[in-house]
Amino acid sequence: MKDDNCIFCKIANGEIPSKTLYEDEKFRVILDLGPATKGHALILPKNHYANLYELPDEAASNVMLLAKKMVSQMTDRLSCDGFNLVQNNGEVAGQTVFHFHMHLIPRYKDDVQKIGWKPGKPSQEELEEIRGKICGK
Ligand code: 5GP
Ligand code: ZN
């Protein structure tokens with residue numbers, strides 16, 4: 001399940017070299033070439049799934065377990081002060097490489113990155129409307 005035109009397929013499967021932090025049968029964890037902070041890493045499945053919608057349930061649960069393990073190891077080794085896990089789906093959400101990946105972003109007290117959003121101020125009615133839309137009632 002690989003896509004010949006996908007750079008992350010090639011990296012995940014070792015056809016293109018990368019700074020690898022971890023590898024097993026199903027995943028490779030690499031350093032991001034355009035890091036938000038020191039140690040910014042990406043979890044890549046070796047199979048090609050374009051995004052979270054395509055990711056099978058088992059792989060999805062394995063990604064989170066691997067994220068937890070990497071975050072613990074990286075926090076110990078890098079002495080970072082926190083972590084963001086980021087996972088973009090679709091161009092509108094900031095996805096630029098269409099092979100599922102999870103960002104592991106170490107945070108440091110003095111780093112200058114901003115990862116977030118401008119909070120809205122919905123009314124109770126607006127919250128109820130969106131709740132109903134999502135839940136179908
Ligand atoms: P996205 O915007 O799709 O969530 O994240 C794509 C990430 O992949 C970016 O943070 C970008 O820096 C990283 N990236 C793109 N191409 C390469 C590459 O060839 N090697 C590595 N290690 N990272 C890459
Ligand atoms: Zn791929």
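Trainee: Which residue in strand 2 does Thr-20 stand opposite?

Mentor: Please keep in mind that this is a predicted model. Thr-20 stands opposite Ile-30, a residue of strand 2. Three bridges join strand 1 to strand 2, and the two run antiparallel.

Trainee: In what order do the strands of the sheet follow one another?

Mentor: The open sheet is formed by five strands in the order 1-2-3-5-4, with antiparallel pairing. Its edge strands are strand 1 (20-23) and strand 4 (82-86), each of which pairs on one side only. On average, neighbouring strands of the sheet are turned by 20° against each other, direction ignored.

Trainee: Which strands does helix 2 lie across?

Mentor: Helix 2 lies across strand 1, strand 2, strand 3, strand 4 and strand 5.

Trainee: How should I read a nonpolar core, and which of its residues touch the most other members?

Mentor: The general idea is that nonpolar side chains tend to be buried together in soluble globular proteins. Here the largest nonpolar core has 16 residues, of which Val-29, Ile-43, Met-102 and Leu-104 touch the most other members. Two or more residues of this core are given by each of strand 2 (27-31), strand 3 (41-45), helix 2 (57-78) and strand 5 (102-107). Helix 2 supplies the largest share, seven residues. There is also a second, separate core of eight residues, with Cys-6, Cys-9, Ala-12 and Ile-30 among them.

Trainee: Which residues does Leu-104 touch, not counting those up to four places away in sequence?

Mentor: With those places set aside, Leu-104 touches a list of residues that includes Val-29, Ala-41, Ile-43, Ala-67, Met-70, Val-71, Met-74, Phe-83 and Leu-85. The list also includes Gly-39, His-40 and Asn-84.

Trainee: Is Asn-51 buried or exposed?

Mentor: A residue counts as buried under 20% relative accessible area and as exposed over 50%. Asn-51 has a relative accessible area of 16%, and therefore it is buried. Asn-51 lies in the loop between strand 3 and helix 2. Apart from neighbours within four places in sequence, Asn-51 is in contact with Asn-89, Gln-95 and Phe-100.

Trainee: Is Glu-15 buried or exposed?

Mentor: Glu-15 is exposed, because its relative accessible area is 54%. This residue is found in the loop between helix 1 (7-12) and strand 1. Glu-15 and Ala-93 are 78 residues apart along the chain, and their C-alpha atoms are separated by 28 Å.

Trainee: What phi does Ser-79 have?

Mentor: Most residues other than glycine have a negative phi. Ser-79 has a positive phi of about 50° although it is not a glycine. Its place is in the loop between helix 2 and strand 4. Ser-79 is exposed, because its relative accessible area is 54%.

Trainee: Let us turn to the ligand. Which residues around ligand 1 come nearest?

Mentor: There are 16 residues around ligand 1, and Asp-32, Asn-88, Gly-94, Thr-96 and His-103 come nearest. Several side chains can then be read one by one. For Asp-32, an N or O atom of the side chain is 2.5 Å from an oxygen atom of ligand 1. In the case of His-103, the distance from an oxygen atom of ligand 1 to a side-chain N or O atom is 2.8 Å. For His-101, the corresponding distance to an oxygen atom of ligand 1 is 2.9 Å, again from an N or O atom in the side chain.

Notes
Residues numbered from 1 in each chain as written. Chains lettered and ligands numbered in written order. Predicted model: local features only at pLDDT ≥ 70, side-chain atom pairs only at ≥ 80, totals over all residues. Heavy atoms only, no water. Core = buried A, V, L, I, M, F, W, Y, C linked by side-chain atoms within 4.5 Å. Buried < 20%, exposed > 50% of the residue type's maximum accessible area, 1.4 Å probe, protein only. Helix = DSSP H or I, 4+ residues; strand = E, 2+ residues; numbered from the N terminus. Contact = heavy atoms within 4.5 Å. Pairing = 2+ DSSP bridges. Axes fitted to C-alpha atoms, helices over the stretch in contact; angles between N-to-C directions. Near = heavy atom within 4 Å. Polar contact = N/O pair within 3.5 Å; in protein donor to acceptor, adjacent residues only side chain to side chain.
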